[in-house]
Amino acid sequence: LFSLAAGAVFGMISPLVGHPFDTVKTRMQAEASYANTGFLQTVMHIYKAEGARGFYRGFIPPLVGSIAFRGLLFSAYSGAYAACEQIPVLHDPLPYTGGLRPKVIVGAMAAAFSRAVIESPLDFVKVRIMVGKEAMLDSSSSKVVKNSMVSSFRLFSASPVSSIRHVYHGFFPTLFRTMGLLGSFFVMVDYSVRYIPDVVNAPVTGPFFKGGVCATAAWVFAFPFESVKSVIQ
């Protein structure tokens, strides 16, 4: 329960800080007009064309999703990790790995799947809104609906099966990206807790090291899949 609550609070704060950067990243990845522009050029173009509000286009889907999946992923990790405690082959460290335990990988994969299931459809809508594309498909007329959250929810209610298939477009790149991201993150945290406990358990440097250093390093492994996901969606 504590993991769920802590993750939900983090999920509320993270989009507020990170969404403007996510908007710039997505434009550079998914829009042809930004393919050859740098970070600062993209920032200036968005600001001149849309103002400060342009950086928060598509903010609601990741806010809702972040609150849900960030709480759920830590609970899924904790549950899968604990379930492996009584299984020696998953609990005991692997030889020649410096003490890597398979249960860390199992927990990370459970967390990745639970996150991807929630995040993928919301991320699909977010990316479409960010780049000014249509979010939902009108199955009755085979037409797409402009980027309106109200219209998207209306069409989803009218045709839930086809809408679910539509918004889960790009699920596997999202899953693979999340497996690389969370797998790397939890493995690095696990090593850090065992080898540099004074740093990780310190009240100030500990959260910064885990949330800043480990999470940022994990994105190095995940970013290629993030680029593929943005283009597909």
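**Helix packing and aromatic pairs in a predicted model**

Val 89 is exposed, with a relative accessible area of 62% (exposed means over 50% relative accessible area, buried under 20% and partly exposed in between, with a 1.4 Å probe and protein chains only). The model is a predicted one, in which local features need pLDDT of at least 70 and side-chain atom pairs count only at pLDDT 80 or more, while totals for chains, interfaces and linings use all residues. Residues are numbered from 1 along each chain as its sequence is written, and side-chain values use heavy atoms, with hydrogens and water left out.

Val 89 has its place in helix α4 (residues 88–91); helices here are DSSP runs of H or I with at least four residues, numbered from the N terminus. Between Val 89 and Arg 101 there are 9.0 Å in space, C-alpha to C-alpha, and the two are twelve residues apart in sequence.

Turning to the packing of helices, α8 (residues 171–195) and α10 (residues 205–232) meet at an angle of about 165°, with their axes 8 Å apart. Axes are lines fitted to C-alpha atoms, for helices over the stretch in contact, and angles run from 0 to 180 degrees between N-to-C directions. The two helices, α8 and α10, are therefore roughly antiparallel to each other (over 145 degrees; under 35 counts as roughly parallel, 65 to 115 as roughly perpendicular and the rest as oblique). By class, the contact of α8 with α10 has 17 nonpolar, four polar and four charged residues. Asp, Glu, Lys and Arg count as charged, Ala, Val, Leu, Ile, Met, Phe, Trp, Tyr, Cys and Pro as nonpolar, and the others, Gly among them, as polar.

Helix α5 (residues 102–130) also packs with α8: their axes come within 8 Å and cross at roughly 140°, which makes α5 oblique to α8. In this contact there are 16 nonpolar, four polar and five charged residues.

Within helix α10 lies Glu 226, which counts as buried at 3% relative accessibility. Leaving aside neighbours within four places in sequence, Glu 226 is in contact (heavy atoms within 4.5 Å) with Lys 25, Gln 29, Arg 177 and Trp 219.

Aromatic pairs number ten in the structure. Rings of Phe, Tyr and Trp (its six-membered ring) pair if their centres lie within 6.5 Å; planes under 30 degrees apart count as stacked, over 60 as edge-to-face and the rest as tilted. Phe 171 and Phe 172 form an edge-to-face pair, 5.4 Å centre to centre with 70° between the planes. Phe 171 is buried at 14% relative accessible area, whereas Phe 172 is exposed at 54%.
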